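I opened my notebook to look up a few things in a structure that was new to me.

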Amino acid sequence: MGALTGRKILVTRAKNQAGSFSYKVRQAGGTPIEVPLLHFALRDNQENKRYVEQLHEYAWIFFTSSNGVKFFFELWGEKAPWPTNLKVGAVGEKTEKMLNNYGVRADFVPSTYTAEVMADEFLGTFHDPGPTLLVRGNLSRDVLPEALKGHVFFQSMTVYDTLLTKDHRPLTETLEHIPFDAYTFTSPSTVEAFIRLSHTHKDFKTFLSVPCVCIGPTTEKKAKQEGFLNVLMPEGHYTTEGMTELMESYFSEKG
């Protein structure tokens, strides 16, 4: 029996990302219940088409999420061979794996999966990197652009939009009928969507006392700001594996 046996876990990731997390929860014995609070949409505009056409003019391209990779290559299509002199940065393991799926190898991955560390290590290693393209989502934090300002000539390309679910019923009806042992949040946006969809519910205060497991520091900070009373975060590895391991140890101790 896994440490999560009998535990019901709310998975709030977007539909196309929830499956692998739910699988990990099931492997640990838990019951994942998926209520996607976000969805993603490609930003297919003239500006992005221009970035794609001029890719050969950049020395570096940076991907700060696996979604960024997926949507960038949707725009790229099979338009041209990948520029051979273009170096590639990836914020972490998942983003790097996604690049590999498209036959692209990362030349730089930071030791910790945060934009702060990425900027420090990148600037410490490559002193004059040349023109750089940052591939982002509309809700990406500004840490990386802020850190690169004044050191590197770069441009930002927003390849996708993160949209919050508007219909509150799937979430509030699920919360009403299922006694959850933990909620999981993999971005500040999932926390924001949860609060926005459930804050008028009569049991809202009860929802806030359920253990809430956050993937990393920015999500943790958002959950605390929004009033969650029992916020947990994995140490070091800000991944869904880290979140699952944390829940296993948390519930093992609770018995």
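This is a predicted model: local features need pLDDT of at least 70, side-chain atom pairs count only at pLDDT 80 or more; totals for chains, interfaces and linings use all residues.

I then looked at Cys 212, which is in no disulfide. The nearest cysteine sulfur to that of Cys 212 belongs to Cys 214, 3.9 Å away.

The cut-off I needed here is that the two sulfur atoms lie within 2.5 Å.

Next I wondered: is Cys 212 buried or exposed? Cys 212 has 0% relative accessibility, so I noted it as buried. I wrote down Cys 214 as buried too, because its relative accessibility is 0%.

**Entry two: a helix pair.** I turned to helix α1, residues 15-27, and helix α11, residues 240-254. The two pack with their axes 10 Å apart, at an angle of about 30°. Angles under 35 degrees count as roughly parallel, so α1 and α11 are roughly parallel to each other. I also noted that their crossing is right-handed.

Which residues meet there? From α1 I listed Phe 21, Lys 24 and Val 25. Their partners in α11 are Thr 240, Glu 241, Met 243, Thr 244 and Met 247. Sorting this contact by class, I got four nonpolar, two polar and two charged residues.

Terms used:
Residues are numbered from 1 along each chain as its sequence is written. Side-chain values use heavy atoms; hydrogens and water are left out. Buried means under 20% relative accessible area, exposed over 50%, partly exposed in between (1.4 Å probe, protein chains only). Axes are lines fitted to C-alpha atoms, for helices over the stretch in contact, and angles run from 0 to 180 degrees between N-to-C directions. Helices (H or I, at least four residues) and strands (E, at least two) are DSSP runs, numbered from the N terminus. Angles under 35 degrees count as roughly parallel, over 145 as roughly antiparallel, 65 to 115 as roughly perpendicular and the rest as oblique. A crossing is left-handed if the near helix is turned anticlockwise from the far one by less than a right angle, and right-handed if clockwise. Contact means heavy atoms within 4.5 Å. Ala, Val, Leu, Ile, Met, Phe, Trp, Tyr, Cys and Pro count as nonpolar, Asp, Glu, Lys and Arg as charged, and the others, Gly among them, as polar.
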